Amino acid sequence: LPPAHSSLPPTTRAAATAAATPAMTGWRPSPRCPEGHVLESKTVAGTWSFFGAASKACTKCSKDLKAGAVRHSCKRCGYHLCEECNDSRASEMLNEEITINVYRAAQPGLLPGLNVDEDVFQVKLERGAKIRALKARLFELYGLPPPFAALRRDLEGEVLSNEEYVALNDDGDVLYLGAPNGSPLEGLMDGLFNGLTSHMDGLVKELEQLEFKLNVLLPEKGAQPERRCCLTVVATARVQELLEMALLELEAEAEEGLFLEFGGERLPAGAPLHTLSLADGDTVRLMSSGAGR
C-alpha cells in the first residue's frame with residue numbers, strides 16, 4: 001500500500017485487511033476479542049465440568065456454553081461470546097466509526113502533464129454506511145465528484161453500486177478508486193458528457209420560458225404605406241416562424257423572396273432567435289429580395 005496522503009491524519013494501522021463480501025440482505029461486521037483477533041464460530045460438541053463448573057462461558061454475559069450452543073471464540077485469549085452477545089456486538093459495531101483507506105492508482109490525464117498521481121484518501125465513516133455515503137465524504141473532504149468515483153474491493157473487481165454496504169470491518173481497511181468503465185479517460189469523458197447533457201437540458205428549459213418582444217417593420221412599397229407590428233415570441237422560435245407571424249399580423253401577402261433583416265444582415269430562415277444578436281425591443285425589417293436596401 002502506498003504512503004497516505006500527506007494532508008490526512010495518520011492511520012492507526014499500517015496494513016489493511018481484506019473486506020468481507022456483504023450479503024444481499026445487508027452486512028454484519030465481525031466482532032473481535034479485546035486484542036483484535038478474529039473470533040472463530042463453532043458449535044459446542046460437549047462440555048466437561050470441574051466440581052460442577054462448565055468448561056466455557058460467555059465472557060460478556062457469563063452464560064454457560066453447553067453442548068449444541070454456538071460460540072464465537074478466540075482460543076489465544078480465551079475469549080468467548082455466545083450467539084446473542086456476538087449479534088449484539090455486531091449491531092453495536094455498525095454505528096462505530098472506522099478509518100477507511102481509499103487507494104487510487106496513478107492515472108493518465110486528458111492532456112500531457114495532467115496525469116493523476118497515486119494516492120490514498122482517508123475517510124472516517126460508520127461501519128454500517130453505504131457506498132453513497134462514502135462518495136459524499138470523498139467529495140466533501142477531497143472534492144472528488146461522485147459520478148467519477150468508481151469504488152471496487154480490488155483493482156480488477158466489479159464497481160460497487162451506491163446502495164451496497166461499505167462492508168469494511170477494521171481501521172485501515174481498503175477500497176480501490178478508479179474510473180467507472182475501467183478507463184480513467186473513458187470514465188471522465190462519460191462524466192463530462194452526462195454533465196453537459198444535463199446542463200444543456202436545463203438551458204433548453206430556460207429558453208423555452210424566455211420570450212422576446214420584437215418590432216417588425218414592413219417598409220413603404222408603392223401605394224402601400226409603411227406598416228409596423230409588435231410580436232411576442234419565444235426565444236426558441238425560428239426566424240421563419242417569426243416571418244409567418246408578421247405576415248398574419250400585418251395582413252401582408254405571402255410571396256417568394258420574403259425575408260427578415262436585422263442590422264443590414266439577412267436572418268437565416270432556420271435559425272432559432274436566441275442564437276442571433278436580438279434583444280427585447282429590437283426592430284427587424286420584413287424585406288423582399290426584389291426590394292432595394
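**Terms and their grounds**

Mentor: Let us begin with an open sheet of four strands, ordered β7-β6-β9-β8, whose pairing is mixed. The model is a predicted one.

Trainee: What makes β7 and β8 edge strands?

Mentor: β7 and β8 (150–152) each have a single partner strand, so one side of each is left without a neighbour in the sheet. On average, neighbouring strands of this sheet are turned by 35° against each other, direction ignored.

Trainee: How do you know that β8 and β9 are paired?

Mentor: Two strands pair if at least two bridges are found between them. Three bridges join β8 to strand β9 (residues 174–178), and the two run antiparallel; therefore they count as a pair. Within this pairing, Arg 152 stands opposite Tyr 176 in β9.

Trainee: Which helix packs on the sheet, and which strands does the helix touch?

Mentor: Helix α2 (residues 131–142) packs there, touching β6 (97–104), β7, β8 and β9. The direction of α2 makes about 125° with that of β7.

Trainee: Why is Leu 125 called buried?

Mentor: Buried means under 20% relative accessible area. Leu 125 has 8%, so the term buried applies. Leu 125 is placed in strand β7 (residues 119–126). Not counting residues up to four places away in sequence, Leu 125 touches Glu 96, Glu 97, Ile 98, Ile 100, Ala 133, Leu 134, Arg 137 and Val 166. As for Ile 98, its C-alpha atom is separated by 5.7 Å from that of Leu 125, although the two residues are 27 apart along the chain.

Trainee: What makes the approach of His 80 to Ser 73 a polar contact?

Mentor: A polar contact requires a pair of N or O atoms within 3.5 Å, one able to donate a hydrogen and the other to accept it. The side chains of His 80 and Ser 73 make such a contact at 2.7 Å, a value within that limit. His 80 belongs to strand β5 (residues 79–82). His 80 is also buried, because its relative accessible area is 10% and the limit is 20%. Beyond its neighbours within four places in sequence, its contacts include Lys 56, Cys 58, Leu 65 and Arg 71.

Trainee: Why is Ser 62 called exposed, while Ala 167 is called buried?

Mentor: Exposed means over 50% relative accessible area, and buried under 20%. Ser 62 has 55%, so Ser 62 is exposed. Ala 167 has 0%, so Ala 167 is buried. Ser 62 lies in the loop between β3 (53–54) and β4 (70–74), and Ala 167 in the loop between β8 and β9.

Trainee: What is noted about the phi of Ser 62 and of Ala 167?

Mentor: Most residues other than glycine have a negative phi. Phi of Ser 62 is near 70°, a positive value. Ala 167 likewise has a positive phi, of about 55°, and is not a glycine.

Trainee: How do you know that β10 has pairing in both senses?

Mentor: Strands of a sheet pair either parallel or antiparallel. Strand β10 (residues 211–218) pairs with strand β11 (residues 227–234) in the antiparallel sense over eight bridges, and with strand β14 (residues 283–288) in the parallel sense over three bridges. Glu 211 has Val 234 as its bridge partner in β11, and Val 216 has Val 284 as its bridge partner in β14.

Trainee: How many residues does the whole chain have, and what share of them is buried?

Mentor: The chain has 293 residues, of which 34% count as buried. The chain has four helices and 14 strands.

Notes: Residues are numbered from 1 along each chain as its sequence is written. This is a predicted model: local features need pLDDT of at least 70, side-chain atom pairs count only at pLDDT 80 or more; totals for chains, interfaces and linings use all residues. Side-chain values use heavy atoms; hydrogens and water are left out. Buried means under 20% relative accessible area, exposed over 50%, partly exposed in between (1.4 Å probe, protein chains only). Contact means heavy atoms within 4.5 Å. Axes are lines fitted to C-alpha atoms, for helices over the stretch in contact, and angles run from 0 to 180 degrees between N-to-C directions.
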